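Open your viewer and get ready to select residues. This tour moves from stop to stop.

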Amino acid sequence: MKILIIEDERELSTNIVKYLSTDNYVCEQAFTFQDAVDKIALYSYDCILLDLNLPGGDDLKIFEEIKKRNIESGIIIISARGSLDDKT
């Protein structure tokens with residue numbers, strides 16, 4: 001399974017890669033909004049782990065890009081947002 005990890009915190013991203021790699025997942029990383037958009041345009045993934053607090057762009061636009069390209073990857077949102085407004 002090929003996974004794209006979109007997370008700006010490099011240490012966290014690297015830890016996720018290390019953990020998933022032990023189960024033979026192939027992982028790629030994107031640390032910025034533009035890097036994520038570029039990788040989604042060029043490669044296909046079985047699953048995308050998406051942080052909603054990326055530098056360089058509106059994170060929800062990544063969803064728009066995925067929808068526009070008819071990408072059928074599973075998406076898991078990872079976020080440190082904790083306010084009640086963020087959860088609704």
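What covers the buried residues of α3? Before the answer, some ground rules. This is a predicted model, where local features need pLDDT of at least 70 and side-chain atom pairs count only at pLDDT 80 or more, while totals for chains, interfaces and linings use all residues. Residues are numbered from 1 along each chain as its sequence is written, and side-chain values use heavy atoms, with hydrogens and water left out.

**Stop 1: helix α3**

Select residues 60–68, which form helix α3. Helices (H or I, at least four residues) and strands (E, at least two) are DSSP runs, numbered from the N terminus. Colour Ile62, Glu65 and Ile66: these are the buried residues of α3. Their directions fall within an arc of 100° seen down the axis, so they line one face of the helix. The arc is taken from the directions from the helix axis to the C-beta atoms. Buried means under 20% relative accessible area, exposed over 50%, and partly exposed in between (1.4 Å probe, protein chains only).

Now the opening question. The cover over these buried residues includes β1, α2 (33–42), β3 and β4. Contact here means heavy atoms within 4.5 Å. Turn to the face away from the buried side: Glu64, Lys67 and Lys68 are exposed there. Then step just past α3 to Asn70, which has a positive phi of about 55°.

**Stop 2: helix α1**

Select residues 10–21, the 12 residues of α1. Which residues of α1 are buried? They are Ser13, Ile16, Val17 and Leu20. They cover an arc of only 100° around the axis, which puts them on the same side of α1. An α-helix has 3.6 residues a turn, so residues three or four places apart point the same way. On the other side of α1, look for exposed Glu11, Lys18 and Tyr19. Show the strands too: β1 (2–6), β2 (26–30), β3 (47–51) and β4 (74–78) are among what covers the buried residues of α1.

**Stop 3: a charge and a ring**

Select Arg10 and Phe31. The charged end of Arg10 sits over the ring of Phe31, 3.9 Å from its centre. The rule: NZ of Lys or CZ of Arg within 6 Å of the ring centre and within 35 degrees of the ring normal.

**Stop 4: strands**

Select β1. Four of its five residues are buried, so β1 is largely enclosed by the rest of the structure. Five bridges join β1 to β2, and the two run parallel. Strands pair if DSSP finds at least two bridges between them. Find Ile3: its bridge partner in β2 is Cys27.

Finish at Asp51, in strand β3. Asp51 is buried, with a relative accessible area of 4%.

Note on methods. The expected span of a helix is 1.5 Å times one less than its number of residues.
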